[in-house]
Amino acid sequence: MNFGKKDDEDSGLFSHIDKSTVLQEARAFNETPINPRKCRTILTKILFLLYQSETFQTKEATETFFSITKLFQSQDIVYLVIKELSTIAEDVIMVTSSLSKDMNSKSDQVKANAIRALCKITESSMLQGIERLLKQAIVDKNAAISSAALVSSLHLFAGNRDVVKRWSNEVQEAVNSKGAITQYHALGLLYQIRQNDRMAVIKLIQSYSRSQLRSPLAYCMLIRFIAKIMDEDESSRRPLFETLEGWLRHRSDMVVYEAARAICNLRNVTSQELFPAVSALQLMLVNHKPTLRFAAIRTLNKLAMTHPAAVAPCNLDMENLITDPNRSIATFAITTLLKTGNEVSVDRLMKQISGFMSEISDEFKIIVVEAIRSLCLKFPTKQSLMINFLSNVLRDEGGFEYKRAIVEAIFDIIHHIPESKEYALSHLCEFIEDCEFTKLSVRILHLLGVEGPKTSSPSKYIRYIYNRIILENATVKAAAVTAMARFAEGTFSWAALEVNLVNYLANDASQVKPFDISSTPTVSRAEEEAEALRKKEALHEPQISQPAGTAAGTQGGNAAPAAGGDSRSGYRQVMERIPKLAVLGSLIKSSKIIELTESETDEFLLENVSVECKVKQSEDETAAMLVEDFTIQLPQLVYDVPGSVYVVYKRPNGITPSACFSNILRFTLKEIDPSTGEPGEDGIEDDYPLEDLDVSIGDYVVPSYVADFKKAWEDLGEDNEQVETYSLTAVASVKAAVAQVLDVLGMDPSDGSDRVKDKATVHTLYVSGSFLGQVPALARARMAFEAGSGVTMELAVRSAHEGVALLLVNAIV
């Protein structure tokens, strides 16, 4: 039998009650004699309505409140209802005398309840009147009364610090009591009293870490205090770490786990420090208690994001948990193994994942998908296996968030692993054939429009897009039409089209006869690639757009980037073939191509081509320190064939200035004989001013992928954080501001934060990179748009080096 559905339809006694009916029933409080059983039921209904966020008017609450005060003699749940209604009703202070009387009751239960209710309704000005009673209750031998007084004091502390601080002696006495729960509450209150005094807190920790506390909860609280102190004060880290390590051998599993978790969450924790904590968690993986296994595997899962090598020794125990009857434990086990495993174990793990995906909830499925995405980016050679798995689960049943996570994972794989593009796009095309979520269909169609025309065979995607135009709703149709239009871009021969247009405009008949575009020949992608290859083979020496590495430089001519998705690897190959450039060292960053001349030029032959670069005066004083090292000339530059000129500058003492270069192209100009195609013997030495070339801070930053931005942000800490606020008045939207920040900083967006809605008014951008490929840096830009004043942005940068954070935060102009 399935009781779940019945429970959902009928939540029991209070499933259909309403406020007006309950208030009518509350008249029973005025009856004589009182029916305790009936009144308890009505009080419970009132509590149910309050906890369901039912709104009580002030008058209703006041009348009910004073009706309830007549039930003090029943000594049941009256106090709980008084506490809840005291924030709504008026004149609640009138019950103070009754509650004060109950605080002296012989019944421990009544006394504890009265303390809680009285502290709830007592104003700050009247607190001194019950101070003596509360101090007596704190040191009471009964744990229930003492805990009630301590918890009430914690609530009072926020608005009455000076009064509660006077109770330190009583609270300290309560810490030494025999009641376990009393120790826990007393320790929490004592910390609140001393939290602004660093030395007092350290003394508190040292005092009670050596004593034998009865409460495991108190030890757990001490561990959290220690973790906070270690995070804030590096000087006290070593002795406090030894205390934490000692508690890894405590008799209580709760304390052992809390100590291990605290060590794993430490900032800049080393492998040596992690070893005892991981060993303790490894023992919990084979414990018979499911709660311990779950807690241990979840902590190891989080740790594996930043320290996979430290978790790797637990792989054998985690593999045994894949078959755990608790599917939550099995999910965390498999995702942790994905983060710690090597390339050899990927195939085996993927087979094991497929077996239980249908048995877990969407929430845990999303965790698995995120782990697979990270694994694919870690081992790009396994991308076909990962994409195949993601496409299979994409066709299974699931909610929007689950399907969105899968699609986003495939998008990230396409973005970071270009060779996976066509295979991934084909699977996405199959998915939109039967996609029930409009938003996902639109996103996939947009990606097809952007990436589809760049593939080797764009025509195979057109059928899927055309089907969406015919079969889908208006929103998807619009996205499909836009994507289809992008496939039409670049199909005509632009040279032939230009000639036809010029002839058409020169013809007198153009005023009455429309232009016939069908006469323009089309060019296939294969023909475009063949032409590009012909130009590349005609080049006499390797090409590069802008030399980088250990030197700053510029170039003249129409150079093209190296083929393939990773332009940096292409440029690296070019530099290795040129001896003078090869000795500069490893390539760090290749910036985007900048056109220094117009693309339209006349048909001449240029010889002895060089570029004269000079650093302009700049606000950055270090720019003047750049020293020109050498220039590699281009012996001959033929019309319509790209060539490269290299100008290399040194950066003395490793400076990283923002600089502007003025550029002059110097050459010998020779005309080409149209009959023979050969250049003439005589040439004219000439020069041609080029556009200025700017080198900004972003050109020194290498974009880098971060799997968990929040974790990486917390690990870097606030020590080297720099924050600045900018008013971008010239920016028309948040979307434009995001594009500008990405362009200036030269970093890689994380968590899909570069995707912004067109009419968004607030947005947070997360980016990551490494300065000169060595110093990690993260940035968070919070933006708010207001019509008329542009975008206001708070930029926060964290780095392992304070100087890097300062450079990046000041990069926005």
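Predicted model: local features only at pLDDT ≥ 70, side-chain atom pairs only at ≥ 80, totals over all residues.
Aromatic pairing was examined across the chain, and nine aromatic pairs were counted. In one of these, the ring centres of Y191 and F225 are 3.9 Å apart and the ring planes meet at 15°, so the pair is classed as stacked, planes under 30 degrees apart being required for that assignment. The two partners come from distant parts of the chain, with Y191 in helix α12 (residues 180-194) and F225 in helix α14 (residues 216-232), a separation of 34 residues. Y191 and F225 are both buried.

A further contact is formed by F294 and F332, whose ring centres lie 5.5 Å apart with the planes at 70°, so that this pair is edge-to-face, an assignment that calls for an angle over 60 degrees. Because F294 belongs to helix α18 (residues 290-304) and F332 to helix α21 (residues 327-340), the pair ties together parts that are 38 residues apart in sequence. Together with F364, the residues F294 and F332 make up one aromatic cluster.

Charged side chains were also found over aromatic rings. The charged end of K19 is placed over the ring of F56, at 5.8 Å from the ring centre, while R463 lies over the face of Y464, with a distance of 4.3 Å to the centre of that ring.

Definitions and conventions: Residues numbered from 1 in each chain as written. Heavy atoms only, no water. Phe/Tyr/Trp six-rings, centres within 6.5 Å; stacked < 30°, edge-to-face > 60°. Helix = DSSP H or I, 4+ residues; strand = E, 2+ residues; numbered from the N terminus. Buried < 20%, exposed > 50% of the residue type's maximum accessible area, 1.4 Å probe, protein only. Lys NZ or Arg CZ within 6 Å of the ring centre and 35° of its normal.
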